[in-house]
Amino acid sequence: MANTNNLTVASEQALVIIPPLTSNTNPNTAEKLEVTGKGEITVPTTLTEVQLGIQVQGKTSTEVQEETAQRSAEVVDVLKKLGAQELQTTSIQLNPVYKYDKDGNQTLIGFKGLNTLQFELPTDQAGGAIDKAIKAGANLIQNINFTPSDKALQQARLQVLSEAVKDAQAQANAVFSTLQLTPGKIIDIDINSTANPTPSPLVVEGLTSLNKASFAADITTPIIGSPDTIKASVSLDIGYSQNSAGTLASATNDNLTGAIKQALGIIDPLTGSTNPNTVQKLEVTGQGKVTVPSTLTEVQLGIQVQGKTATEVQEEVAQRSTAVVDVLKKLGAQELQTTSIQLNPVYKYDKDGNQTLTGFEGLNKLQFELPTDQAGGAIDKAIKAGANLIENISFTASDEALKQARLQVLSEAAKDAQAQANTVFSTLQLTPGKIIDIDINSASNPSPSPLDFNLVAGKAFATSTTTPLIGGPLTIEASVSLDIAYSSAPAGTLGLAFHGLQ
């Protein structure tokens, strides 16, 4: 009969010799977790890029060219005095204009000239600069973009990489903790950083045939730049080892069964080859789903005005927009931005399809974010101040709540994978071994949940009672895939055979 002390020594020897095999440093065969962390940062835009046009039509090319040149020079002088940066001419055009008869024959009726200028100014100065440029002769707003400074973008790109690394580490820790694994070395790092974002455009419509007398009102429409979003991802391959501390602690020199179990805790993974191409393994994917209460509301409001002249419309839109912006700022609205500026002619058509100009329509759109319990009151006060169009309402959660939910959903997915694997192993009477590989498929933050509504509001709509807004929950999903080695031999048989006791 085998001596119990000798058997215990044999078990301890097995335990000493075998563990180094669990931490193979070869990245092709090492046990590793693959995880991708994501970072996202919004950067306030402080600069506005504007492209203006000077468009002229006339009977002769000389007449058109002279007026275009004169008005362009006046606009350039104004912009220089305002300290416009990156001022440049982007286009010069002089083209014939033809009239076509019913047979397709063309007749020259005049010429059209167009000069375009581009410049950059701090956003809080851009609205006034556009107004003064129009007074000087510009009559076409072709493009308005918002952008941060180069220094702010550079700092944000570094910060977003740090956030992505932290996110990857947090995800890995959530899975390791759930699966009771001990993290090891970082085997591989892959950075997928994004380039600087393109300038955020402001929707501009109309403003194409307005002269300086008709458009240039005394009140300037406020322009508030939207923030830029910078994203990046960092992928990590992290080695790990099985956390067997609990099993090892249960064995004593005086307990033969404990010694055998202790040996089995290390030996089981060796029942399949450490070569990932030949090892006996179970592949399982666990799913996780978590709902997050929405606490923030994103709102898009409009100020829509119609009138007989462009000046009348532009002045009222500017005045009401300024009042709405002031109200929202006092309420502490976050992410406040101008999303669209429009000024379009309104036509009446007769039965023959002929059009007659009857007036103009202006529309400015503003977007902001507030806690949901404050959003209803803010909408009501904005309507009282002059907003008369509600374009969009959607619900979202705070960044911190979404981050915590993403970690929780990974833990749920890992538990689900474990439960599935245990069910299969138990049914097939198999002995589970090491977790050979872990792959995290985490979901991105969900898009804001929209509110379905159909409402055009006027000042008469703003009653003393505010309609309560209650946001629906957001759903975050993720999956975790595990490759788990296993043995087909019963644990008791394997242990006795190893020690020559069978």
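This is a predicted model: local features need pLDDT of at least 70, side-chain atom pairs count only at pLDDT 80 or more; totals for chains, interfaces and linings use all residues.
Colleague: Which strands pair with strand 1, and in which sense?

Modeller: Strand 1 covers residues 32-43 and runs parallel to strand 14 (residues 431-442), joined by 3 bridges. With strand 8 (residues 228-242), strand 1 pairs in the antiparallel sense over 12 bridges.

Colleague: Which residues stand opposite each other in these pairs?

Modeller: Leu33 faces Ile438 in strand 14, and Val43 faces Asp228 in strand 8.

Colleague: How do I read the buried residues of helix 9?

Modeller: Start from the general idea: an α-helix has 3.6 residues a turn, so residues three or four places apart point the same way. In helix 9, the buried residues are Thr372, Ala375, Gly376, Ala378, Ile379, Asp380, Ala382, Ile383 and Ala385. They pack against strand 10 (296-307), helix 8 (310-330), strand 12 (355-371) and strand 13 (389-396).

Colleague: What is the span of helix 9 from its first C-alpha to its last?

Modeller: Helix 9 (residues 372-385) has 14 residues and reaches 20 Å, close to the 20 Å expected at 1.5 Å a residue. Just after helix 9, Gly386 has a positive phi of about 140 degrees.

Colleague: Why are helix 2 and helix 3 called roughly antiparallel?

Modeller: The general idea is to look at the crossing angle, where values over 145 degrees count as roughly antiparallel. The axes of helix 2 (residues 61-81) and helix 3 (residues 123-136) cross at roughly 150 degrees and come within 8 Å. The two helices are therefore roughly antiparallel to each other. Their crossing is right-handed.

Colleague: Which residues meet there?

Modeller: Helix 2 brings Arg71, Glu74, Val75, Val78 and Leu79, which meet Ala129, Lys132, Ala133 and Ala136 in helix 3.

Note on methods:
Residues are numbered from 1 along each chain as its sequence is written. Side-chain values use heavy atoms; hydrogens and water are left out. Two strands pair if DSSP finds at least two bridges between them. Helices (H or I, at least four residues) and strands (E, at least two) are DSSP runs, numbered from the N terminus. The expected span of a helix is 1.5 Å times one less than its number of residues. Buried means under 20% relative accessible area, exposed over 50%, partly exposed in between (1.4 Å probe, protein chains only). Contact means heavy atoms within 4.5 Å. Axes are lines fitted to C-alpha atoms, for helices over the stretch in contact, and angles run from 0 to 180 degrees between N-to-C directions. Angles under 35 degrees count as roughly parallel, over 145 as roughly antiparallel, 65 to 115 as roughly perpendicular and the rest as oblique. A crossing is left-handed if the near helix is turned anticlockwise from the far one by less than a right angle, and right-handed if clockwise.
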